[in-house]
Amino acid sequence: MSGPAMFDGARYELPTDDGGTLIVAPLSSPEGERLGAVFAGIDPWAAYGYAASTLSAFLAGHEPGSRRLALSVDGAVAGAAVVRPGWLRGPYLQFLAVVPEAQGRGIGGALLAWMEREARAAKERNLWVAASEINTGAIRLYERHGFKQIAALDDPAWDGRVEILMRKRLT
Ligand SMILES: CC(C)(COP(=O)(O)OP(=O)(O)OC[C@H]1O[C@@H](n2cnc3c(N)ncnc32)[C@H](O)[C@@H]1OP(=O)(O)O)[C@@H](O)C(=O)NCCC(=O)NCCS
């Protein structure tokens, strides 16, 4: 299985719905720090009361087996994704967010299409993501891209909070 070799620091150029180009590249720690503060101000993280410092530390950090990616359009970083390749015969999208001004332009969709392309090239069987049950917009996005809800997980990260595990079969 070639999972961990995927998303290995290269720079990718992808088309978005609105005719633009999304660039996927490694996320620098300063950009991760900055974006963490932005994302703490929007749902679902605002609704759950995440501290900006917590999200900034997560996005600015480095972990073995995890890729922090910057999503850039028009020369500016407009979002971030964290992918764990080779999670369960396929990559797990651990984090995805686009700054409010850039939402709805196809960046999230382009990232999902890219993840699928890379996973298929690596002969993986699945794509995985989990979304909070209150995050109906994100769940709709994943369903539109072929993910199915396969389990509701009680309290995996926080008491009283349900996460919906979603899977897209590639085989
Ligand atoms: C979910 C998110 C990553 C999608 O990225 P995006 O670049 O806006 O997505 P696209 O433009 O490719 O597709 C838009 C779809 O995203 C979903 N969406 C969720 N929140 C949205 C928002 N504020 N504006 C527009 N679309 C939103 C909708 O399903 C929309 O599809 P629709 O046309 O059926 O309504 C982005 O809206 C975001 O960062 N939201 C806040 C953080 C979040 O919920 N992250 C996911 C955690 S699992």
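**Close-up views of a predicted protein–ligand model**

**View 1. Overall dimensions of the predicted protein.** For 171 residues a compact globule would have a radius of gyration near 16 Å, and the protein, with 15 Å, agrees with this; the radius is taken over C-alpha atoms, and the globule rule is 2.2 Å times the number of residues to the power 0.38. The C-alpha trace spans about 40 × 40 × 35 Å along its principal axes. Four helices and eight strands make up the elements of the protein, in the order β-β-α-α-β-β-β-α-β-α-β-β from the N terminus on; these are DSSP runs, numbered from the N terminus, with helices being H or I of at least four residues and strands E of at least two. The model is predicted, so that local features need pLDDT of at least 70 and side-chain atom pairs count only at pLDDT 80 or more, while totals for chains, interfaces and linings use all residues. Residues are numbered from 1 along each chain as its sequence is written, and side-chain values use heavy atoms, with hydrogens and water left out.

**View 2. The shell around the ligand.** Of the 23 residues around the ligand, Q103, G106, N135, R140 and R144 come nearest, where a residue counts as near if one of its heavy atoms lies within 4 Å of the molecule. The elements β5 (92–98), α3 (107–121), β6 (126–132) and α4 (136–144) each supply at least two residues of this shell, and α4 gives the most, with six residues.

View 3. A nitrogen atom of the ligand lies 2.7 Å from a polar backbone atom of L96, and an oxygen atom of the ligand is 2.8 Å from a polar backbone atom of G109. Taken alone, the ligand exposes 850 Å², of which the protein buries 77%, with accessible areas from the Shrake-Rupley method and a 1.4 Å probe.

**View 4. Backbone geometry in two loops.** D43 and P44 are joined by a cis peptide bond with omega of about 5°, and P44 lies in the loop between α1 (29–39) and α2 (52–60). In the loop between β4 (76–84) and β5 lies R89, a residue other than glycine whose phi is positive, near 50°.

Technical notes
A polar contact is a pair of N or O atoms within 3.5 Å; within protein, one must be able to donate a hydrogen and the other to accept it, and residues adjacent in sequence count only if both atoms are side-chain atoms.
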